[in-house]
Amino acid sequence: MHPILFQFGPITIYSYGFFLALAYLTGSILAQREAKIRGFGAHFISNLCLLSLISGILGARIFFLLFNLDFFKENPLEIIMLQHGGLVWYGGLISAIVSVVIYIRIKKQPIFATLDLVAPYIALAQAIGRIGCFLNGCCYGKLWRDENIPYPTQIFSSLSMLFVFLVLRVMQKQGLKTGSIFFSYLLLYSAKRFFIEFLRGDSPVVFLNLTVFQLASVGIFVSASVTLIFIKNR
């Protein structure tokens with residue numbers, strides 16, 4: 001682990017926060033560039049990205065708190081210590097989607113066309129953010145063959161999300177029906193998360209030897225699959 005990236009006197013740059021910021025900046029800048037190509041206002045996309053960042057972090061943190069109530073009851077100051085990690089992606093996804101959809105409707109923009117635009121850059125941001133998880137030591141894997149070496153699940157996740165980003169970018173250039181890219185993102189991410197959970201060491205099983213995130217992944221995968229079939233046949 002390398003939780004502290006740099007330290008300049010009293011200023012400390014944490015790996016987790018640094019890569020979270022890098023993920024946001026990279027995804028936001030590239031999404032704004034794509035917005036100009038597709039006729040969306042760059043300012044609109046910039047605000048959308050900032051809103052999704054804030055609401056996503058809040059939702060992800062709230063879900064993490066709910067899953068670790070006993071720890072935070074004993075350590076209440078840790079609630080605001082985001083540099084130590086502790087974000088649940090599905091919580092962030094739900095809160096970000098809700099806030100983003102509301103914002104898109106207020107601005108009277110096409111919902112699914114907008115989500116199609118930003119979906120690849122969400123995947124890219126995840127790929128970058130997982131590097132911060134690796135350096136911070138969170139989202140860790142089970143021990144490999146009973147040795148004191150954990151699976152580098154964060155690196156697996158980072159590489160797989162980079163692959164998802166490339167797939168979605170190819171899809172973006174094919175002129176698919178509206179909604180196809182966003183729901184393909186949900187399908188690919190949920191499939192990735194389902195299988196990576198078998199190697200994770202921080203997610204207890206809750207039902208049928210599956211974790212709560214695997215159960216959520218199954219639900220999202222099925223819903224995304226049905227929706228993609230509907231879009232294709234529409």
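## Basis of the description

Helices (H or I, at least four residues) and strands (E, at least two) are taken here as DSSP runs, numbered from the N terminus. The structure is a predicted model, in which local features need pLDDT of at least 70 and side-chain atom pairs count only at pLDDT 80 or more, while totals for chains, interfaces and linings use all residues. Residues are numbered from 1 along each chain as its sequence is written, and side-chain values use heavy atoms, with hydrogens and water left out.

## Helix H4 and its surroundings

Helix H4 has 18 residues and reaches 25 Å from its first C-alpha to its last, which is close to the 26 Å expected at 1.5 Å a residue, the expected span being 1.5 Å times one less than the number of residues. Among the residues of H4 that are buried are Tyr90, Gly91, Gly92, Leu93, Ser95 and Ala96, where buried means under 20% relative accessible area, exposed over 50% and partly exposed in between (1.4 Å probe, protein chains only). The cover over the buried residues of H4 includes helix H2 (42-67), helix H5 (111-136), helix H7 (180-196) and helix H8 (212-233).

Ser95, which lies in H4 (residues 89-106), touches Ser55, Gly56 and Gly59 when residues up to four places away in sequence are not counted; contact means heavy atoms within 4.5 Å. A polar atom of the Ser95 side chain also lies 3.1 Å from the backbone oxygen of Gly91. From C-alpha to C-alpha, Ser95 and Leu188 are 20 Å apart in space and 93 residues apart in sequence.

By class, the lining of the second largest pocket divides into 17 nonpolar, no polar and no charged residues, where Ala, Val, Leu, Ile, Met, Phe, Trp, Tyr, Cys and Pro count as nonpolar, Asp, Glu, Lys and Arg as charged, and the others, Gly among them, as polar.

## Positive phi in two loops

Lys108, in the loop between H4 and H5, has a phi near 55°, a positive value in a residue other than glycine. Lys108 counts as exposed because its relative accessibility is 74%. Asn209, placed in the loop between strand S3 (205-207) and strand S4 (210-211), has a positive phi near 60°, and at 60% relative accessibility Asn209 counts as exposed.

## Gln154 in helix H6

Gln154 has its place in helix H6 (residues 153-172) and counts as buried because its relative accessibility is 5%. Leaving aside neighbours within four places in sequence, Gln154 is in contact with Arg130, Cys133, Phe134, Gly137, Cys138, Cys139 and Tyr140.

Conventions
A polar contact is a pair of N or O atoms within 3.5 Å; within protein, one must be able to donate a hydrogen and the other to accept it, and residues adjacent in sequence count only if both atoms are side-chain atoms.
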